[in-house]
Amino acid sequence: MSLSETITERARRLTVFAAVLAGCLCAPAATWAAGAPLVAQTKLRLTVIQWMPPKGAYERWDALGGEFEVTQSGTIMLPVIGSVPVANMDVSQLAADIAGRIQKKLMLVEKPETTVEVLDYPPVYVVGDVEKPGEYRFRDGMTVLQALALSGGEFRSPAEKSEDSVKLVGELQEFDADIIRSTARIARLSAEMNRASEISFPAVAPDDEMAKAIFAQERIIFAARANEIKRQTESLGELRGLLTAEVNVLQEKIKASDASIKSAEDELAGVKTLVDKGLAVAARRSDLERTLAGYRTDRLDQITATMRARQGITEATRNADGLLDRQQTEIASSLQSEQANLSKLKMQRDVSQKLLLKTLAASSPSIGASGKPSLAYAITRIDKGTSAEIVASPQTVVMPGDVISITIATTPPKDQAAASSAASQ
């Protein structure tokens, strides 16, 4: 094989590997297909509900449901109905089988509604000449090549690893962390915008401790901001209550002033008559007139104070309404900025991924050329208690619990070359 053909073959193989690596870096939390096999150690959740005509509603039978694990013999142990085999069934078929068993056991007229949900599959194990051999979470539809990508690719000596690749991987991890932070912040701002009681975060892998820590921080911020708004609203409400009470007191004072004014007016009218007849001195009338003027002045002061209190009530109400409006405006502005920041982070991550793929393609050794190092794939799988080794290709789909062996060979095994050729066709 000429040098140009060797380079072309190496670039082609690296492009496939790099595409899988990029998919693994960007892949969200796995969701399981209903048709995946239910092998040993698969964790299931069973839910049983039944329509109750007397109540006119569905009733959940928690005593029959719960979380169960498939045993090594391919069964699950359920309350009341006992051992149920799960071999050669998917979750929908298993749910129907359990419903029939419950109907027969409890002598029901109709089958109950049952659902079976896969909580987790057994992991896959990658061993051999890879960067990071170990246990990895199974994803439905996972191939041998994807498992290789998850384990860091084929093993290379430190001299073969470029400093740029390590730097780019670090940048990608940082971008992924920033994307999680930005996504969590958007979820919190959306909850504040909708005035929800709690935040709805996107689903993450159960073992993603960094995401859980970020979500916990956002919950603390969410609660603190909600408490701040609540305190300010309650403070304005208390101020309105005090001002309302002040208005009521002033109203009572005005009533008392009106009574005093009327009494003074009546007394002054009587004194005026006596003064006109010469039965009382004019000084008495002057004193009463001054007293009446004082009562009237006090009444005007009380009216003015009432108007000021009512103005304070109006201002407190306006401030309370404005507080919520300002909060919504601030949240909307922050939400727009954060969404723009998330788009920017995703674009930067994509650029770093492309640079990483180019770096890997430029720094990786030749693969697949005659006499050059190439990878041989094999899968050790337990079926019905028997362990069997299967010759695999990069496109072979793995099953939960598989042990994937990847070794560097001088020439590809004949059977594997045939398997690879058949898979490509």
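Reader: Which residues touch the most other members of the largest nonpolar core?

Author: Bear in mind that this is a predicted model, where local features need pLDDT of at least 70, side-chain atom pairs count only at pLDDT 80 or more, and totals for chains, interfaces and linings use all residues. Residues are numbered from 1 along each chain as its sequence is written, and side-chain values use heavy atoms, with hydrogens and water left out. A nonpolar core here is a set of buried (under 20% relative accessible area, 1.4 Å probe, protein chains only) Ala, Val, Leu, Ile, Met, Phe, Trp, Tyr and Cys residues joined through side-chain atoms within 4.5 Å. In the largest one, with 40 residues, the ones touching the most other members are Ile76, Leu94, Ile98 and Ile404.

Reader: And what does Leu94 touch, leaving out residues up to four places away in sequence?

Author: Contact means heavy atoms within 4.5 Å. On that basis, Leu94 reaches Leu38, Leu44, Ile76, Val84, Pro85, Val86, Met89 and Val116.

Reader: How many residues are in the other core, the one with Ala184?

Author: That core lies apart from the largest one. Among its members are Ala184, Ala187, Ala191 and Ala211, and its residue count is 10.

Reader: Where does Val80 sit, given its positive phi?

Author: Val80 isn't a glycine, yet its phi is about 70°.

Reader: What is the relative accessible area of Gln41?

Author: Gln41 is another non-glycine with a positive phi, about 75°. Gln41 counts as partly exposed, with a relative accessible area of 38%.

Notes: Buried means under 20% relative accessible area, exposed over 50%, partly exposed in between (1.4 Å probe, protein chains only).
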